[in-house]
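Please read the following note with the sequence and the model open beside it. The points are numbered so that each can be checked in turn.

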Amino acid sequence: MDTEKPTASINLKQIPANRRLVEELYAQGYLSAEGKVYALNRLYPHNQWGIWVSRLLLLLGTALVLSGVVYFFAFNWAKLTPLIKFSTVQIGLVSCLIAAYGYSLKKLAGQLFLLAATVLVGVFLAIFGQIYQTGADAYQLFMVWALLTFGWTVIASFSAQWLLWLIVSNIFIWLWWEQAALPSSSMEDLLYSLLLGFNGLALVLREFTVQHNYNWLSAAWFRVMLVFVLAVFLIIPIEHCIIDPDSARVSTYLSALLGSIILISGFWFYRFKLFDMWVLATIVLTCCIIAITAIFKLFFEIFGDSESITFLLLGFATLGVFTVGLIYLRAVAHKMEAAHD
């Protein structure tokens, strides 16, 4: 008696469409020559590079114009009357908002105009603080800047807008810690824990929203940027504990511990749960830098009187550490490539 064998269900959405898949389908005879050309044109349109370059130039031009506005006020500060300063910025701000509304926030041009308006808010606050000399600390400028532009950031659906808001917020936290929180000397390095927590929360929210189809945050560079910022803030306390443990305070060790937990968690998550080669490379690079610092400390303790031997061995150790890191990344890449075949 014949029994029907269960057939494995295949979810086509889990199979990435790329050049290799198209070539294999064509080689197996499942695609005609016309179908192959059509599929490759759909995957890799001939004007893709043109669009990418056009958007890059648009972003670069916007950044240069905004930098020019800031430097214009900085270099001509004494020659401009308060009326000209305020009216210029306000006209620019209102014009950008009108242009953002006119172009619509669903288009890149509209999003860039809103980004420009966000920068002009900061310029306006700086001019206001300089003319009226309110005596407010610098952290208050960045706090008000972040609060006033948060609503725009939420509705913009634009990764660059979120990046600017996060930069302003990070500067606010840093300045607030130094100018208002005024921690004791033993608690100073808790600043890194605070920044790690803030940026770590931003990364978690980014992953959560992308999983819920907020595709405008799915740009790979935005995730890499957040991981890079986290790597910078976790390296500082860890290296402090390695290089000069005697001067490290309780807050330094706490920040280093939190940084180590985030580093290990990030490696596990982006290696086994949500694979991302660029993020994994950033994490491996961070581990290499920490390892080289530890090796330098070890060599310095052993060959402290002979710097030439210390730096010679450190050079070999650096080559070895980065080689191991590269070999590991290549092995992971080959493994993931084979898994998708």
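1. Is Ser251 buried or exposed? Ser251 is buried, because its relative accessible area is 0%; buried means under 20% relative accessible area, exposed over 50%, and partly exposed in between, with a 1.4 Å probe and protein chains only. This is a predicted model, in which local features need pLDDT of at least 70 and side-chain atom pairs count only at pLDDT 80 or more, while totals for chains, interfaces and linings use all residues. Residues are numbered from 1 along each chain as its sequence is written, and side-chain values use heavy atoms, with hydrogens and water left out.

2. Ser251 belongs to helix H10, residues 250-273. Helices (H or I, at least four residues) and strands (E, at least two) are DSSP runs, numbered from the N terminus. Not counting residues up to four places away in sequence, Ser251 touches Ser186, Met187, Glu188, Asp189 and Leu190; contact means heavy atoms within 4.5 Å.

3. The axes of H8 and H10 come within 8 Å and cross at roughly 20 degrees. Axes are lines fitted to C-alpha atoms, for helices over the stretch in contact, and angles run from 0 to 180 degrees between N-to-C directions. H8 and H10 are therefore roughly parallel to each other; angles under 35 degrees count as roughly parallel, over 145 as roughly antiparallel, 65 to 115 as roughly perpendicular and the rest as oblique. On the H8 side the contact includes Leu190, Tyr192 and Ser193, and on the H10 side Ser251, Leu254 and Ser255 are among the residues involved. The residues of this contact of H8 with H10 comprise 8 nonpolar, 4 polar and 1 charged. Here Ala, Val, Leu, Ile, Met, Phe, Trp, Tyr, Cys and Pro count as nonpolar, Asp, Glu, Lys and Arg as charged, and the others, Gly among them, as polar.

4. Helix H8 (residues 190-211) also meets helix H7 (residues 159-181): their axes come within 10 Å and cross at roughly 160 degrees. That makes H7 roughly antiparallel to H8. Among the residues that meet are Trp165, Trp174 and Trp177 in H7, and Leu191, Phe198 and Ala202 in H8. The contact of H7 with H8 divides into 13 nonpolar and 3 polar residues, with no charged ones.

5. Leu329 lies in helix H12, residues 307-340, and counts as buried at 13% relative accessibility. Leu329 and Met277 are 52 residues apart in sequence, yet their C-alpha atoms are 8.1 Å apart in space. Leaving aside neighbours within four places in sequence, Leu329 is in contact with Met277, Leu280, Ala281 and Val284.

6. How many disulfides does the structure hold? The structure holds 0 disulfides, a disulfide being a pair of cysteine sulfur atoms within 2.5 Å. For Cys241, the nearest cysteine sulfur is that of Cys287, 16 Å away; for Cys288, the nearest is also that of Cys287, at 7.0 Å. Cys241 counts as buried at 14% relative accessibility, and Cys288 is buried with a relative accessible area of 7%.

7. Two serines in loops deserve a look. Ser104, in the loop between helix H4 (82-103) and helix H5 (108-132), has a positive phi of about 80 degrees although it is not a glycine. Ser157, in the loop between helix H6 (138-156) and H7, has a positive phi near 55 degrees. Ser104 is partly exposed, with a relative accessible area of 28%, and Ser157 is partly exposed, with 29%.
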